[in-house]
Amino acid sequence: MTDVPYEDWRARAAGLVPHTGHHIDGAFQDGPETTPVVAPRDGRTIAHVASAGTAQVDGAVAAARRAFDTGPWPRLAPAERKAALLRWADLVERDRETLALLVSLEMGKPITDAYGIELRALIGCLRWYAEAADKQLDESPRGSASSLALVTREPVGVVGAVVPWNFPLTMAAWKIAPALATGCTVVLKPAEESPLSALHLAALGTEAGLPPGVFNVVNGPGEVAGRALGEHPGVDVLAFTGSTEVGRHFLRYAAASNLKRVWLELGGKSPNIILPDAPDLDAAADTAAWGIFFNAGEMCSAPSRLLVHRSVADRVLDRIVARAESLRVGDPLDPATEMGPLVSTAHQARVMEHIEAARASGARLRAGGGVDGRFLAPTVFDQVKPEMRVAREEIFGPVLAVLEFDDLDEAVTLANDTEYGLAAAVWTSDLSTAHRVSRALRAGTVWVNCYEEGDMSVPFGGVKQSGHGRDKSLHALDKYTDLKTTWIEL
Ligand code: NAD
């Protein structure tokens, strides 16, 4: 963990000179326009970044296409790809403070979390898929005596990756690392809010020896650069993380162009069920509070619906409210800050609109509910009814909706009463209850007596309108490979 003091982080931030071009074919490129990147901590413009039109996207896809069709990358021995990815991870480790600072500045994540959580996730992900690269085995099914069958995994080709700003490096790495490990080439489009960390990552990839065109970054608005990637005939697979609404666009882009495969990691409204026999009710309450306020609630998997048994609701809620009121909200560059600003004033206004709607619909405000300049207070509503917007819509902010229940069946019904299915949790001391509830919940991940736990070995993704396909784990490699059958008569 970093022990760099507040003053030093601010001094380093002032001295940073970020990359601002697109990264195409191993080099930075300007044009045709620029857009400002605004730091949520103080509203200042920290850089003007090149913004792509379709010509830059065409250039990036052509570079990735050349690198895939005729370049060395897909033809390297997997162990050589592994070595390049490990070199890249080492350089990320070398520049860990710079990358953490870029993340904190561009999207407002507390520096302690940027350095400790986001950068650890990025480095871990690169190393994990580097190690996986040379451990994949093909199949040879037992055929007849006079034939030999081979089932081999082939890299799909050019991967377009479009990602959000809330974990700008982790979300990108979950796509880039498995795609590159299999021999694919990649064009990444970061969110408008968070291009700087992605551009630094690209520069380090080139320094690590990734051949030109293997990893490209184009910046720009979703409706222009994201759409151009989604519709591009030269892109074989489009891997998207973001809102459910934009996910729908990508399915349309694919249908209207080359029927590229589209993988979607979308939004959530995840239920967190606390039963009276939770092994430690205080720990359950503290984790519920941490889960919704971590990253200012800008988490697809945030436990934004707390379902708590009526018999323990007061005790749990009092503790969550106390935590909400004691949370250190402030400048993300202060290492003591636990929650920073939301990503933008526009997003803050959207979250405030949800808070007003919750109040108007009759939910009771127990904590927060207001803003102080660029900072929104950790907010808790109880007496929430399942039909209220605060119980149904993804807010993507530090706003907890608390619903009470009387029995387990009611809890499961409430938990599944959502169009989303990303994650869920249950707190209980009873093993059978844990398994029964886990089976009954429609979600990509179910945590028992914890939240947001896991490592690279387990898949992450959703069901229902939270998307499909899985990031992380060996299963993510399936997204970037096709199976080829070769049948040989002997
Ligand atoms: P967003 O959908 O607005 O944007 C995501 C990306 O899509 C950005 O790069 C954006 O430029 C691009 N985009 C926007 N409009 C586009 C269009 N019309 N065509 C093509 N591309 C377009 O999401 P956001 O506000 O950046 O992030 C928040 C959302 O991301 C939340 O819904 C959250 O739940 C989701 N998310 C999901 C996961 C997951 O793993 N399931 C992880 C993190 C965030």
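**Exercise 1. State which residues make up domain 1 and domain 2 in this predicted model, and how far apart their centres lie.**

Step 1. Domain 1 is made of two segments, 6-266 + 466-487.
Step 2. Domain 2 covers 271-461.
Step 3. Taken over C-alpha atoms, the centres of domain 1 and domain 2 are 30 Å apart.
Step 4. At the contact, domain 1 contributes 39 residues and domain 2 contributes 32 residues.

**Exercise 2. Describe the area that domain 1 and domain 2 bury between them.**

Step 1. The buried area is about 3,000 Å².
Step 2. Carbon and sulfur atoms account for 63% of this area.
Step 3. On the side of domain 1, the residues that lose the most area to domain 2 are Tyr-6, Arg-41 and Ser-466. Together these residues make up 19% of what that side buries.

**Exercise 3. Find the salt bridge and count the polar contacts across the interface of domain 1 and domain 2.**

Step 1. The rule finds one salt bridge across this interface.
Step 2. A salt bridge requires the nitrogen and the carboxyl oxygen to be within 4 Å. Arg-41 and Asp-331 form a salt bridge, with their closest N and O atoms 2.8 Å apart.
Step 3. Residue pairs in polar contact between domain 1 and domain 2 number 13, counting pairs with both residues at pLDDT 80 or more.

**Exercise 4. Work out which helices supply the side of domain 1 that touches domain 2, and which residue classes occur there.**

Step 1. At least two residues come from each of α1 (6-15), α4 (96-107) and α5 (111-133).
Step 2. α5 gives the largest share, eight residues.
Step 3. By class, this side of domain 1 holds 18 nonpolar, 11 polar and 10 charged residues.

Key: Residues are numbered from 1 along each chain as its sequence is written. This is a predicted model: local features need pLDDT of at least 70, side-chain atom pairs count only at pLDDT 80 or more; totals for chains, interfaces and linings use all residues. Side-chain values use heavy atoms; hydrogens and water are left out. Domain bounds come from an automatic or database domain assignment. Contact means heavy atoms within 4.5 Å. Buried area is the accessible area (1.4 Å probe) that two parts lose on being put together, summed over both. A salt bridge is a side-chain nitrogen of Lys or Arg within 4 Å of a carboxyl oxygen of Asp or Glu. A polar contact is a pair of N or O atoms within 3.5 Å; within protein, one must be able to donate a hydrogen and the other to accept it, and residues adjacent in sequence count only if both atoms are side-chain atoms. Helices (H or I, at least four residues) and strands (E, at least two) are DSSP runs, numbered from the N terminus. Ala, Val, Leu, Ile, Met, Phe, Trp, Tyr, Cys and Pro count as nonpolar, Asp, Glu, Lys and Arg as charged, and the others, Gly among them, as polar.
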